[in-house]
Structures are given as structure tokens and as C-alpha cells.
Protein chains: 2
Amino acid sequence: MDKSIGIFDSGIGGLTVLKELCRVLPHEKLIYLGDTARVPYGTKSSDTIRRYALEDALFLLKQGIKLLVVACNTASANATAYLKEKLSIPIVEVIGPGARQAARSTRVGRVGVIGTEATVRSNAYAAEIKRIDPEIEVLSRSCPLFVPLVEENWNGPEDEAYLEELKSLTVKRYLGAFKEQGIDTLVLGCTHYPLLKDTIARFMGPAVALVDSAQETAREVHGVLQGMQLLSSGRDTVPPLYFVTDAPDRFTHLGTRFLGTAVEQVKQVEM
Amino acid sequence: MDKSIGIFDSGIGGLTVLKELCRVLPHEKLIYLGDTARVPYGTKSSDTIRRYALEDALFLLKQGIKLLVVACNTASANATAYLKEKLSIPIVEVIGPGARQAARSTRVGRVGVIGTEATVRSNAYAAEIKRIDPEIEVLSRSCPLFVPLVEENWNGPEDEAYLEELKSLTVKRYLGAFKEQGIDTLVLGCTHYPLLKDTIARFMGPAVALVDSAQETAREVHGVLQGMQLLSSGRDTVPPLYFVTDAPDRFTHLGTRFLGTAVEQVKQVEM
């Protein structure tokens, strides 16, 4: 029987990666774990992030998966080397694919990276981009208000207008310096940020390419499975299974906004 | 030897309660625990909040305390009954003192309550206010963006202006309905919110009294210790001891803003 792909995130953001996986690999079975009892990871220390990430990975391994996707920039940036040392399963994380796409995309050799505090502190994107091309200048900035803005659940057209104003103000503040510094490529280095793509694109203008790690990561997963001859032989499309460590209702509700379709079959588990 | 007062919060917000305790009870020894490895509690389920709160309390009990302060509205609202059932030490939480002050304060009989999702969902403030006076109407609203706005760490005068604009917009959106509904008392039902007091007061106007649970709670702690003849006999002022479950540097840095003075002696512990 075909095994599943296991995907984990600190919470709900990894659904943007799962969404791309569904698109690129419609015949694969997917198991998603959101560690909602300990979300967010982005304000925590590297040691704690590594510990949580290993527990997440071990839970998915017990479900019998063929490949592990670290669908969280913070965990990818802080825990990938640790997970690769501890586990023997193929692991795809989100930093490498995003960094490669950024290096391909920049013409002026100046790239901006935005993410959580822990992702920016790790310097993982900058290191990976510079490994590909040491000439590229990388400017990084953490944007702590973006995640709560994406998760804000106001309703109705008046709320939408307020929220858009808040988003615009915040984007202007966080990204104003990048614009002055003349970057031509901006990495959305957090799985929540694709939901701010329109606001960010409007502010940065058409000359700045936005790199969405989710899309790049899904392509990499396809490549790895193909290379290892692990692609599913099935032709059915099975809905993903979701596990969370807390508050399944909140996950179901918010998740639908991330996925664009209904999130179903969410089970709460203890770790 | 005099025992300490133990205080816990999901993270850093409880420092607003500790600050008031220092003012009201300058000769008491204080031990603070911030569960920064699992912060925030406000978006989590009641079951998970109860489990975390009990672990926090047990850690403090091991330090040999004479009284436990639940310096977190979310934990107070969701876990107080559970803690009182499990533990035999005197426990002071923040909902009761805030509710009593709100009931005393309102003239028109209409009170607003703001807090995290989990505090508002628990209905704890409304239940406590109505227990005191069933005629009082209580209107509640969760304000998820307030905590990240308080923790936002922009620097410089230009950042301050931006942040003030964001705060004003958010306050207007969350509290606009309260103003229309004619409340005359607003409970700041989250330990982070006293740091938004000026913005909230400016928007609500001088006719609306703001209830800060931290101040009321410190008075209650004084009363309980006096009643049980447990007040410290010492005349020295000893700086508080701080424990966190993750990222002591972040706690030290942000904490200074909450406390108004330097946070020192922060130790990381595992639970």
C-alpha cells in the first residue's frame, strides 16, 4: 500500500504548503500535524524549536510516512540539521527551495527576506542564498504583526476595510526600508505570509518578485519522490488527514481560509 | 523564614500584576514564573490551559510559596476552579477582583469586558459580575491584536508614530461598539492591556472608567495575607526572582517595558 507524505507546522500556516502539495501531487496521501498546543514557534528559542520539531516528526513517523515535509519556516530554519541527524527518512524543508528560487529570480543581486523572529535570527535564508551565490546581498527583517493580522477574524465589509488599512500600514512600516534599498526579490519566509501577498505586492510594486516557499517546496517534494521512485501509483484523490495538538475547532475554522476549501477530519492528539 | 508569594502567567503579561504587588507589598518576596515555551494561552482550549496552569502552579509550589497568584486572565478564567480543587494553598486570581471593581464602578449598569479569545469564551467576568449584581449588563469582546501590538518592538520616534496609529485604529475597531452601547466601565481583562491604557482612555473618553485587574488583585493579595496572618515580618525589599520556560533574553528585554524597571535574575527551567 502507498505510504503518505507527512507534513508538520507549529499550527495552521503549513496549510499553504499542503495546498500546493495537493495541487502538484493530487494522488498522494497527505497527513498534516499542527502543533496548536504550543503555537507559535517564531518567538521561541532554537533549542525549544528543535525539541518541538523532533516530537512533531516522531508523531508523523509513527503514522508510517515515506517523506517528511517541514512546512514551517521557523522549524526549517532552526531544526532541519537536527532532524536530519536524528531521522533517516527523506526530509524536505522550506528554506532551501525558497532560497534557490530567490537566487534564480534576482537580477540586481539584492534580495529581501521576511519571517518570524526565530527565522530571521537563524540567518538560514541568507546563508543558503549566499551559498548559491556569495555576491547576492540579503536583507532580512522580522515582521511579528503579520501572523496575528492574517489570523484576525473580523467579519463584514466594514471590518475588511479596517483590516486592509491595518495591513497596509504594517506592510509599509516593515517593508519601507527594502523598497529604499532597491531589492528586486522578496522571500515570504513564513507560511502565513502568502495570505498577505496582495497587500505586499501592491506596496512593493510589479518590479519586485515575491517568492512563495510553499510553491517551491511542493515542486521539490515532487522531485525527491520521483528521484527515489516513491511517487504514488494510485489515481484516486484522497482528502488529507489532519492532526492537531489542541483546539481542533479553531483549526477547522481558520484553516478553511488558508486552504480555500473546507478542512475536514481534524483529530486532536496528545504528544 | 518568610515564604514567598508565587506568581505565574503564560508569559510576560503577569509582570503588570507583579509590578502592583511590589508597590502594595514592598516587603514580600516574589517568585514569578512565565511559561514562555508555551505562550500564549489565550488561543488555546480550556483543557490545555488547565493542564498548563497546574504544571505552572506545581513548579511554584516546589519553591515553597505561601500563596499563589494566577496573574493571567486566561488561566484565571479557565483554570481557577481546577487549581482550587487540586491544591490546598491560598490562591488569588485576577477575575474576581476585576469583576468586583467593575460592579462597584458602573453607574449606568453596563460594563464592557475585553480579553483573549479563551477569556471571553469562558464568560468568567460576566458570570462573576452578574453574581454580584444580576442587573448589570455585561458586553464582552476578544481583542487578539492587542497582545502582539503591545509586544511589538519598534524603535525610534517614527516607529512610535506608526505604532500609535496602528493602536488607535485597532482600539477604534474593537471598542467602537462599546462606545455606541453606552458602557461606563471597561475591564482590561488581559494583563497586557494596561500597556494600552492611554490609547484606550483617549478613545473611550473620560466618562468611561477603566478597570485594571492588576491593581485590584494586588489589594486582594494584601487582604488575604493579612487575614491569614501571613504578611512578611521583614522590612527589607528583595528583588523578585524570575523563572521562564524559554528564551530568558527576550523576557528580560520585553519585561523591562512591562515593569518600568530592569528585570534581572531570569532563570530558564524545564517543566
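In chain B, four strands form an open sheet in the order β6-β5-β7-β8, with parallel pairing; strands here are DSSP runs of E of at least two residues, helices are runs of H or I of at least four residues, and both are numbered from the N terminus. Two strands are taken to pair if DSSP finds at least two bridges between them. The edges are held by β6 (137-142) and β8 (209-212) of chain B, each with a single partner strand, so one side of each has no neighbour in the sheet. On average, neighbouring strands of this sheet are turned by 20° against each other, direction ignored.

The model is a predicted one, in which local features need pLDDT of at least 70 and side-chain atom pairs count only at pLDDT 80 or more, while totals for chains, interfaces and linings use all residues. Residues are numbered from 1 along each chain as its sequence is written, and chains are lettered from A and ligands numbered from 1 in the order in which they are written.

Within the sheet of chain B, strand β5 (residues 110-115) and strand β7 (residues 185-188) pair in the parallel sense over four bridges, and B:I114 stands opposite B:L188 in β7(B). Helix α6 (residues 124-132) of chain B packs on this sheet and touches β5, β6 and β7 of chain B. The direction of α6 makes about 165° with that of β6(B); angles run from 0 to 180 degrees between N-to-C directions, and axes are lines fitted to C-alpha atoms, for helices over the stretch in contact.

A residue is buried if 20 or more other C-beta atoms, placed from the backbone, lie within 10 Å of its own. In a regular strand the side chains alternate between the two faces of the sheet. Accordingly, A:S4, A:G6 and A:F8 lie on one side of β1(A) and A:I5, A:I7 and A:D9 on the other. Strand β1(A) pairs in the parallel sense with strand β3 (residues 65-70) of chain A over five bridges, where A:F8 stands opposite A:V70. Parallel pairing over five bridges also joins β1(A) to strand β2 (residues 30-34) of chain A, with A:I7 opposite A:Y32.

Notes:
Buried ≥ 20, exposed ≤ 12 C-beta atoms within 10 Å, placed from the backbone. Contact = placed C-beta atoms within 7 Å.
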